[in-house]
Amino acid sequence: MKKNWFPIGFWNYVDCGRLDPMKEAKTWKELGMTLAMSFEYHSKADRPCMIKTLSACEKQGLRVIVCDCRTHWKNLEEKGEAAFAEDVKKAVDDFGSHKAFYAFHVGDEPDREHWQSMKKACEVVSRFSVPFVNFYPVWEGADFEEKIGMPFQNYGSYLLETLRETGLKMLAYDCYNQCYEYEKEKGLESYFANLNLFGKTAMEQGVPMWTSLLSVGHWCYRVPTEDDLRWQISTSVAHGAKGLLWFFVYERALDSSYRLSPIDLYENRTETFERLARQNKIFKDHFSSRLAGATLDRVTHFNKSYGRTETYAEGSFADFEISTTYGNPLILSKFHDEEGEFVLIVNNSQNNSERVRGSLERVAFDEWLAPGQMKLLKYGENGARAAVETAPRPSRKARR
């Protein structure tokens, strides 16, 4: 795996044999992905398709989370541990040594009914390979305990215990409340509360935190605009996310209110395709390599705080000053890596551009940021000055 590789992937759900792996792997690369969830493997007849998928992804420089029914916790529930372990070994023999292989998908959103099965399945897969599970987000209310089997206040400790017992190498979850059509402020509170909870839990265990973001409108969630896509990337990585999965790419049938996923039910590209591709590539080309290898030291919110995130106060970061022209919220995050320390500034408005001005180590910056756009400033006078000098300069009219 390349140094400072940042996983940018997606949820797939398409069965093996329906689409051409060579063609689709090129499509995934065009979307700016670095990671793919494979097509769904159901039987031995799907083995050639999965091999083709892995090989096509290797050619495009993509890693693969293999979706093989043999490694899913449902298979454990149906067959028992001994037979499940034999199936896992067969799956590993088939796909686990391929150069493009990344992990086996064990399941999505375990609830109280399946939690113990999920844990046992992860333990078994960990003996032979790498398991991947995606968890529910947290939400306040009695229905959380009914669904998950514990009070929402205990979820973090329960996740931490699960990480320690299963061998999971990352903590992944999904949350789409940031794209609520209604109760938008409530959605933002929930979104950032989850970033903080999962980020803290992952940090305590020393594993990366991954989050699933929204690329398809459905139910109470709006169709994400390009500003929404940019905003989701920037806000999640500013809170320490080390992997991104987009839900989802392929609309496979006319289903409920699902609409405008990157590829529609006729296998045509929608307007979301180009928007998502552009924002993935901008992040990948300009920010991902630095953020992949960096450690989040502190995340703060400026002007308005969401999800009980620490509010930035003057002097919170050494030798750093900032102000906004229009009072929009910002995220200010401090990171460090082997190259040194840096500050990530994110315009936390989903709708409005903002002009941010200030200084880092007495080197001034003056920048317009689109909704969700981020700016990286390096500590060390030369690094900070270089960041400013290479930035686009405001026009004379804009400086007034």
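What volume does the largest pocket have? In this predicted model, the figure is about 1100 Å³. The lining of the largest pocket comprises 38 residues. Those nearest the centre of the pocket are Pro137, Val138, Trp139, Ser190 and Asn194.

Two elements, α7 (155-166) and α8 (184-205), each give two or more residues to this lining. The greatest share comes from α8, which supplies eleven residues. Sorted by class, the lining of the largest pocket holds 17 nonpolar residues, twelve polar ones and nine charged ones.

A second feature is the packing of two helices. Such a pair is described by the angle between the two axes and by the distance between them. Helix α4 spans residues 81-96, and helix α5 spans residues 115-128. Their axes lie 10 Å apart and form an angle of about 45 degrees.

On α4, the contact is made by Glu81, Phe84, Ala85, Val88, Lys89 and Val92. On α5, the partners are Lys120, Ala121, Val124, Val125, Arg127 and Phe128. Eight residues of this contact are nonpolar and four are charged. The lining of the largest pocket, by contrast, includes twelve polar residues.

Definitions and conventions:
Residues are numbered from 1 along each chain as its sequence is written. This is a predicted model: local features need pLDDT of at least 70, side-chain atom pairs count only at pLDDT 80 or more; totals for chains, interfaces and linings use all residues. Side-chain values use heavy atoms; hydrogens and water are left out. Axes are lines fitted to C-alpha atoms, for helices over the stretch in contact, and angles run from 0 to 180 degrees between N-to-C directions. Helices (H or I, at least four residues) and strands (E, at least two) are DSSP runs, numbered from the N terminus. Contact means heavy atoms within 4.5 Å. Ala, Val, Leu, Ile, Met, Phe, Trp, Tyr, Cys and Pro count as nonpolar, Asp, Glu, Lys and Arg as charged, and the others, Gly among them, as polar. On a 1 Å grid over the protein atoms alone, a cavity is a set of points where a 1.4 Å probe fits but cannot get out, and a pocket is an open set with protein on both sides within 12 Å along at least five of seven lines; lining residues have an atom within 4 Å of a point. Grid points are joined across faces, edges and corners, and a volume is the space filled by probe spheres set on the points.
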